[in-house]
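This report describes one protein model.

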Amino acid sequence: MDKKRILLIDDNEDDILLTKRALRLCSIPCDLDVIKDGSAAMAALFNDENTSLPDLILLDLKLPKVDGIEILRQIREHPRTKLLVVVVLTTSIEESDIHKCYGLHVNSYLRKPVDFDQFLDEIKLLCAYWLKMNIAAPPTGRI
């Protein structure tokens, strides 16, 4: 299997470290890029046409500068990114956040478990499904 590329957009250092650790323990080869604020995420996704698209975006909602819902909105509106797999991975269980994300066609909405073993299980299942089992839309090019 080809090495997959994951883009993690999250500003919480502890969650970033947990995600890195969980991905190392998964059996799916992947490269992880981390962006810590919404403005930088927007720049990375839309300002450089030579940047390759990730196979999976893990998106937190509570971000500095530009929130995750706005990032998701922009991803879905842009012709080159609208089919990317975006999984919201957040602590929010606010109904309004969930409705907004599904209204913007998020692929999945997951709450971050507090317990590391549960978090590890969630990341393993998430990666197994979205990176191994799922047949994603072919890339529409480089952004």
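## Charged pairs

Which side chain meets that of D37 in a salt bridge? The partner of D37 is K65, at 3.9 Å from N to O; a salt bridge is a side-chain nitrogen of Lys or Arg within 4 Å of a carboxyl oxygen of Asp or Glu. D37 sits in the loop between β2 and α2, and K65 in the loop between β3 and α3, 28 residues apart. D37 counts as buried because its relative accessibility is 16%, whereas K65 counts as exposed at 68%. Here buried means under 20% relative accessible area, exposed over 50%, and partly exposed in between (1.4 Å probe, protein chains only).

The whole structure holds nine salt bridges. In one of them D15 pairs with K112, with the closest N and O atoms 2.7 Å apart. This pair links helix α1 (residues 13-25), which carries D15, to the loop between β5 and α5, which carries K112, 97 residues apart. K112 also forms a salt bridge with D60, where the closest N and O atoms are 3.9 Å apart. D60 lies in the loop between β3 and α3, 52 residues from K112. D15 is buried at 16%, K112 at 5% and D60 at 6%. A network of salt bridges links D10, D15, D60 and K112.

## Basis of the model

The model is predicted: local features need pLDDT of at least 70, side-chain atom pairs count only at pLDDT 80 or more, and totals for chains, interfaces and linings use all residues. Residues are numbered from 1 along each chain as its sequence is written, and side-chain values use heavy atoms, with hydrogens and water left out.

## Sheet and helices

An open sheet is built from five strands in the order β2-β1-β3-β4-β5, with parallel pairing. Helices (H or I, at least four residues) and strands (E, at least two) are DSSP runs, numbered from the N terminus, and two strands pair if DSSP finds at least two bridges between them. The edges are β2 (30-35) and β5 (108-111), each pairing on one side only. Strand β1 (residues 4-9) is joined to β2 by six bridges, and L7 has D33 as its bridge partner in β2.

Helix α2 (residues 38-46) packs on the sheet and touches β1, β2 and β3 (56-59); its direction makes about 130° with that of β2. Helix α5 (residues 116-133) also packs on the sheet, touching β1, β3, β4 (86-90) and β5, at about 175° to the direction of β4. Axes are lines fitted to C-alpha atoms, for helices over the stretch in contact, and angles run from 0 to 180 degrees between N-to-C directions. Contact means heavy atoms within 4.5 Å.

## Nonpolar cores

The largest nonpolar core has 23 residues, and I9, I57, L59, I71, L72, V86 and C101 have the most contacts inside it. Such a core is a set of buried Ala, Val, Leu, Ile, Met, Phe, Trp, Tyr and Cys residues joined through side-chain atoms within 4.5 Å. The greatest contribution, four residues, comes from α3. Leaving aside neighbours within four places in sequence, L72 contacts L59, V86, C101, L104 and V106. A separate core of 21 residues includes L58, V87, F119 and C127.

## Cysteines

There are zero disulfides, a disulfide being a pair of cysteine sulfur atoms within 2.5 Å. For C30, the nearest cysteine sulfur is that of C127, 5.8 Å away. The sulfur of C101 is 19 Å from its closest counterpart, in C127, and therefore too far for a bond. C101 is buried at 0% relative accessibility.
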